[in-house]
Amino acid sequence: MEERMSTSASCLEGHAALVAEAEALWKDYSLTSVREWKKESGGIAIGYMPVYVPRELLWAQNALPVGILGGGDDLEIIRGDAYYQSYICHIPRSTIELGLNGSLDCLDGVLFPATCDVIRNLSGMWKMQFPDKLVRYLDVPQDFDPAMGGAFYRHELQEITESLPGIGGRSYDEDALRTAIQVYNESRQAVADLYDLRRREPWKIPTHELYVLLRAGMVLPPEEHTTMLRAYETAVSDDESRRPMDQARVLITGSFCEQPPLGLIKTLERAGCYIVDDDFVQVHRWIVGDIPVDGDPLGNLVTAYLENSIESPIRYIDDGVKGQGLVERVEHYGAEGVLFCAPSFCDPALLDQPMAVKAVEDAGIPWTAFKYSENSGQFQVIREQAGTFADSIKLWSGE
Ligand code: SF4
C-alpha cells in the first residue's frame, strides 16, 4: 500500500491522498489489489456479502476477506436484470453481473450470510453459476442462548474452517485465530475512533470521506486498512482549515446492506446535514468492542456474536423493544434528527421502519424518510427534502 500511497501523494497531500487511494481501491471492481495480494502471499480470497461474517476466521487461515457490496452506480447491468424480478432491491443484480463479467473470478469462494431471502437466493444462484467455487450460506443464530444458538453457530464456523484447506487455505490453528482476532480488534478500534472523532467534530470528517475509507477495507488486508485509517485520523485532526458550519446533526439508518451512491451522501451533506452516525459498511461495526484473545478463540467469536452484536433489523431481539437501540444511538451521538434511508424493496429495513419510527416519535426526535437504489443518479428531490429537514431542525430545535 505504501507504494500506491506515495504515487497518489505526489499530486495530493494528506487526507486527500488517502481518500483518493481508498476510492481507487473501492472503484476497482476487478479487484486488482486482491489479485496482487494473492500472488504475493500465496493466500486465497473469500468474498462475503453484507451484513456480517467473522472475518477473523478467514484471515487466520490465510484467506483475505473481500467484501462484495454490489456494483454501485458505476456498473452497467447487462445480464443481472434477467435473473431477478423487478420488485426487489438492486444489489443481487449487480453482484450477479460482477460474477458473470469475470470481475470476481479471483475469489476462491463466497460466503452468503443469513441477511434476508434475497441473499439466500443469491447463494443458490452462485452455486449453480460457479460450481467450481466454494459457496457457503452462513446461517447465523437468532437464538442467543449459548447452549442453543451458540452451539449452532459454533458448528457453522467449524464447517467454514474445515472447508478452507481444501481450496488452498491454511488449516485451522488456534494461535493463528487469536492473532487474527487481535488484528481485527485493532481494525474495529480504528473505525470506532474515527466515528467518535466525527461525533465530536463532524466538520473534521465529512462522511463522504469516511465512507470511502470504509469501502477500502473491503479489499485491503486488515493491517493495511488500519494503517490507512490511522493516517487519515492524524491528517484530519491536524487540519485546522476545517471549521464548524451551521449544519444539523443527523443519524442515518437503514443502509446496512445495499449501499447508497456516494453522490447521495454528498447531497445530504450539501443539503445542510452533518451525518454523526450511520450504518454504512456495517461489517466494521457489527461487533462492539474487543473480542477476547485468551482462551478458546472460536468460542470467543461465538460469544461476541451472541452478546456484543449491534441492534439491527436483521437480528432478532426477542423481548427487546424495537427502535430502543436507535434512540440510544441518537442520544449517544448527539443527533438532532433521524434520516430513515433504506434501499428500495429492502424487506428487513422497511419492515422494521414503522416500529423504529414509533420509538423515535415517542422520544420526540424529528425524522424523515426516503429510499434509494445503489445506482440512483438523481438526488434533487432528496436534496430538497433533506435541506428542508435540516432547516426545520435549525429553526425549531430548542422550542
Ligand atoms: S438490500 Fe435489503 S432486501 Fe436487498 S439483499 Fe440487502 S438486506 Fe436483503
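Trainee: So a residue is buried if 20 or more other C-beta atoms lie within 10 Å of its own, exposed if 12 or fewer, and partly exposed in between, with C-beta atoms placed from the backbone. Is Ala-349 buried or exposed, then?

Mentor: Ala-349 is buried, because 27 other C-beta atoms lie within 10 Å. Keep in mind that this is a predicted model, where local features need pLDDT of at least 70, side-chain atom pairs count only at pLDDT 80 or more, and totals for chains, interfaces and linings use all residues. Residues are numbered from 1 along each chain as its sequence is written.

Trainee: Where is Ala-349 found?

Mentor: Ala-349 belongs to helix α14. Helices (H or I, at least four residues) and strands (E, at least two) are DSSP runs here, numbered from the N terminus.

Trainee: And what does Ala-349 touch?

Mentor: Leaving out residues up to four places away in sequence, Ala-349 touches Gly-254, Pro-313, Ala-342 and Pro-343. Touching, or contact, is when the C-beta atoms of two residues, placed from the backbone, lie within 7 Å. Asp-105, by contrast, is 244 residues away from Ala-349 along the chain, and their C-alpha atoms are separated by 31 Å.

Trainee: Moving on to the ligand. How many residues surround it?

Mentor: The ligand has 13 residues around it, and the closest are Cys-89, Cys-116, Cys-257, Glu-258 and Cys-346. A residue counts as near if its C-beta atom, placed from the backbone, lies within 6 Å of the molecule or strand in question.

Trainee: Which helices supply at least two residues of that shell?

Mentor: α6 (117–129) and α14 (347–362) do. α14 gives the most, with three residues.

Trainee: How does the shell divide into nonpolar, polar and charged?

Mentor: Ten residues of the shell are nonpolar, one is polar and two are charged. Nonpolar covers Ala, Val, Leu, Ile, Met, Phe, Trp, Tyr, Cys and Pro; charged covers Asp, Glu, Lys and Arg; the others, Gly among them, are polar.

Trainee: What domains does the chain have?

Mentor: The assignment gives domain 1 (31–172) and domain 2 (247–399), with bounds that come from an automatic or database domain assignment. Both domains give residues to the shell around the ligand, so the ligand lies between them. The C-alpha centres of the two domains are 24 Å apart.

Trainee: How many residues are in contact between domain 1 and domain 2?

Mentor: 28 residues of domain 1 are in contact with 27 of domain 2. On the domain 1 side, α4 (55–59), α5 (91–100) and α7 (146–163) are the elements that give two or more residues. α7 gives the most, with six. That side of domain 1 has 16 nonpolar residues, nine polar and three charged.

Trainee: Now α12. What should its twelve residues span?

Mentor: At 1.5 Å a residue, helix α12 (residues 297–308) should span 16 Å, and its end C-alpha atoms are 15 Å apart, which agrees. The expected span is 1.5 Å times one less than the number of residues.

Trainee: Which residues in α12 are buried?

Mentor: Pro-297, Leu-298, Leu-301, Val-302, Ala-304 and Tyr-305. They cover an arc of only 155° around the axis, which puts them on the same side of α12. The arc is taken over the directions from the helix axis to the C-beta atoms. These buried residues pack against α4, α7 and α8 (174–200).

Trainee: And what do the buried residues of α11 pack against?

Mentor: Their partners are α9 (207–216), β6, β8 (367–372) and α15 (380–396). The buried residues of α11 (residues 262–270) are Leu-264, Ile-265, Thr-267, Leu-268 and Glu-269. Gly-272, with a positive phi near 110°, follows α11.

Trainee: Backbone geometry next. What is phi of Leu-31?

Mentor: Near 60°, which is positive in a residue other than glycine. Most residues other than glycine have a negative phi, and most peptide bonds are trans. Leu-31 sits in the loop between α2 and α3 (32–41) and counts as buried, because it has 24 C-beta neighbours inside 10 Å. Val-281, also not a glycine, has a positive phi of about 40°. Its place is the loop between β6 (273–277) and α12.

Trainee: Which residues does a cis peptide bond join?

Mentor: Pro-50 and Val-51, with omega about 15°. Val-51 lies in the loop between β1 (44–48) and α4.
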